[in-house]
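Please look at the sequence and the three-dimensional structure shown here before reading on. The report that comes after them is meant to be read with both at hand.

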Amino acid sequence: MTDLTLAKSLKIITAALARAKELELKPLSVVVLDAGGHPKASQRQDGASMLRYEIASGKAYGALAVGAGSRWLNAQAETRPHFLEGLSAVSGGKIVAVPGGVLIRDRKGAIIGAVGITGDSSDNDEICAIAGVEAAGFTADGG
């Protein structure tokens, strides 16, 4: 099955949090969005700080908005701040342009959703997102 089902979304979250436990990371929040930017599933670990859902969602939403992982958006923020300023404006401020937002691609390479993770360093957030996507049998695209 190549659809981003609720079961697959929960598997992404479970595997991402398992990877975070292995790495002894700070408490994370994980959000899985479908290709249209709608929430499929989310979890916030005990101790994760306020607004973590919104940050994780913004990482995933940004990846979907431009068809590239949020690492790419972060690079654009550094080299083309006017682009990110405009993107933020047209999205209503929904985009968080730091690593940790990863596209979910099916076997044919089609974007079927995105996962956003926040709570530790952006690099560690991205590592966990990739682990979750791959554990669910999809291809992760962090940009």
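## About the model

This is a predicted model, in which local features need pLDDT of at least 70 and side-chain atom pairs count only at pLDDT 80 or more, while totals for chains, interfaces and linings use all residues. Residues are numbered from 1 along each chain as its sequence is written, and side-chain values use heavy atoms, with hydrogens and water left out.

Helices (H or I, at least four residues) and strands (E, at least two) are DSSP runs, numbered from the N terminus.

## The sheet

Strands of a sheet pair through backbone hydrogen bonds, either parallel or antiparallel. In this model, five strands form an open sheet in the order 2-1-4-3-5, and the pairing is antiparallel; two strands are said to pair if DSSP finds at least two bridges between them. Strand 2 (39-44) and strand 5 (139-141) stand at the edges with a single partner strand each, so one side of each has no neighbour in the sheet. On average, and with direction ignored, neighbouring strands of this sheet are turned by 20° against each other.

Strand 1 (residues 29-34) is joined to strand 2 by five bridges, and the two run antiparallel; one of the residue pairs is Val-30 with its bridge partner Gln-43 in strand 2. These two strands form a hairpin with four residues between them, and Gly-37 in the turn has a positive phi of about 85°. Strand 1 also pairs with strand 4 (residues 111-118) in the antiparallel sense, over six bridges. Here Ser-29 has Thr-118 as its bridge partner, Val-31 has Gly-116, and Leu-33 stands opposite Ala-114.

Strand 4 pairs in the antiparallel sense with strand 3 as well, over five bridges, and the bridge partner of Ile-104 in strand 4 is Gly-113. Strand 3 and strand 4 form a hairpin with five residues between them, where Gly-109 in the turn has a positive phi of about 95°.

## Buried strands and nonpolar cores

Buried means under 20% relative accessible area, exposed means over 50%, and partly exposed lies in between (1.4 Å probe, protein chains only). Five of the six residues of strand 1 are buried, so this strand is largely enclosed by the rest of the structure. Strand 4 is likewise largely enclosed, because seven of its eight residues are buried.

A nonpolar core is a set of buried Ala, Val, Leu, Ile, Met, Phe, Trp, Tyr and Cys residues joined through side-chain atoms within 4.5 Å. The largest such core has 21 residues, and those with the most contacts inside it are Ile-12, Ile-104, Val-115, Ile-117 and Phe-138. Helix 1, strand 1, strand 3, strand 4 and helix 5 (122-135) are the elements that give two or more residues to this core, and helix 1 gives the most, with five residues. A second, separate core of eight residues includes Val-31, Leu-33, Ala-63 and Leu-64.

## How the helices pack

Helix 1 (residues 6-23) lies across strand 1, strand 2, strand 3 (101-105) and strand 4, and runs at about 25° to strand 2. Axes are lines fitted to C-alpha atoms, for helices over the stretch in contact, and angles run from 0 to 180 degrees between N-to-C directions.

The axes of helix 2 (residues 52-66) and helix 3 (residues 70-79) come within 8 Å and cross at roughly 85°. Helix 2 and helix 3 are therefore roughly perpendicular to each other; angles under 35 degrees count as roughly parallel, over 145 as roughly antiparallel, 65 to 115 as roughly perpendicular and the rest as oblique. Their contact (heavy atoms within 4.5 Å) is made by Lys-59, Gly-62, Ala-63 and Val-66 of helix 2 and by Ser-70, Trp-72 and Leu-73 of helix 3.

Helix 3 and helix 4 (residues 81-90) pack at an angle of about 120°, with their axes 5 Å apart, which makes helix 3 oblique to helix 4.

## Two residues with positive phi

Most residues other than glycine have a negative phi. Glu-24 has a positive phi of about 55° although it is not a glycine; Glu-24 is found in the loop between helix 1 and strand 1, and counts as exposed at 72% relative accessibility. Leu-51, in the loop between strand 2 and helix 2, also has a positive phi, near 75°, and is partly exposed, with a relative accessible area of 49%.
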